[in-house]
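Student: I am new to this structure and would like to go through it with you. Could you show it to me?

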Amino acid sequence: TRKTDIVARYGGEEFIAIVQYNTIDEIVKYTARIKNIVKNYTFKYNDIRIDITFSSGVSFRDDSSDLNACIKKADELLYKAKNSGRDKVIFENNTLL
């Protein structure tokens, strides 16, 4: 990510990324790139390979009344992605990766 982006552990196995892009297409490309990196990385623990999935919810600050509402929407979309089979990204505008 860029120096201006904020990425942090949000709880348990969840992370939050606060990024700024000018178009939805740019954020879709960013998210696809991150998903691809995570999916193709070989995670190991004590020489045991761990396969992981990448589920995410993406909301847009401009569409929310405040930051808390934006985070809440992203969390709702994350759980929608997890509950509908995992390993997908659901955007607030219904784009699906």
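Student: Is Val89 buried or exposed?

Tutor: Val89 counts as buried, because its relative accessibility is 0%. Buried means under 20% relative accessible area, exposed means over 50%, and partly exposed lies in between (1.4 Å probe, protein chains only).

Student: What kind of model are these values computed from, and how are residues numbered?

Tutor: This is a predicted model, in which local features need pLDDT of at least 70 and side-chain atom pairs count only at pLDDT 80 or more, while totals for chains, interfaces and linings use all residues. Residues are numbered from 1 along each chain as its sequence is written, and side-chain values use heavy atoms, leaving out hydrogens and water.

Student: Where does Val89 lie, and which residues does Val89 touch?

Tutor: Val89 lies in strand S6. Helices (H or I, at least four residues) and strands (E, at least two) are DSSP runs, numbered from the N terminus. Not counting residues up to four places away in sequence, Val89 touches Thr31, Lys35, Phe54, Ser56, Val58, Thr95, Leu96 and Leu97. Contact means heavy atoms within 4.5 Å.

Student: How many residues does H1 have, and how far does H1 reach?

Tutor: H1 covers residues 24-40, which is 17 residues, and reaches 24 Å from its first C-alpha to its last. That is close to the 24 Å expected at 1.5 Å a residue, where the expected span is 1.5 Å times one less than the number of residues.

Student: Which residues of H1 are buried, and where do they fall around the axis?

Tutor: Ile27, Val28, Tyr30, Thr31 and Lys35 are buried in H1. Seen down the axis of H1, the buried residues fall within an arc of 160 degrees, so they line one face of the helix. The arc is that of the directions from the helix axis to the C-beta atoms. On the other side of H1, Lys29 and Asn40 are exposed.

Student: What do the buried residues of H1 pack against?

Tutor: They pack against strands S1 (6-11), S2 (14-18), S5 (56-58) and S6 (89-91).

Student: How do S1 and S2 pair?

Tutor: S1 and S2 pair in the antiparallel sense over five bridges; two strands pair if DSSP finds at least two bridges between them. The bridge partner of Gly11 is Glu14 in S2. The hairpin of S1 and S2 has two residues between the strands, and Gly12 there takes a positive phi near 55 degrees.

Student: A change of topic: how many aromatic pairs does the structure hold?

Tutor: The structure holds two aromatic pairs. Rings of Phe, Tyr and Trp (its six-membered ring) pair if their centres lie within 6.5 Å; planes under 30 degrees apart count as stacked, over 60 as edge-to-face and the rest as tilted. Tyr21 and Tyr30 form a tilted pair, 5.5 Å centre to centre with 45 degrees between the planes. Tyr41 and Phe43 form an edge-to-face pair, 4.7 Å centre to centre with 65 degrees between the planes.
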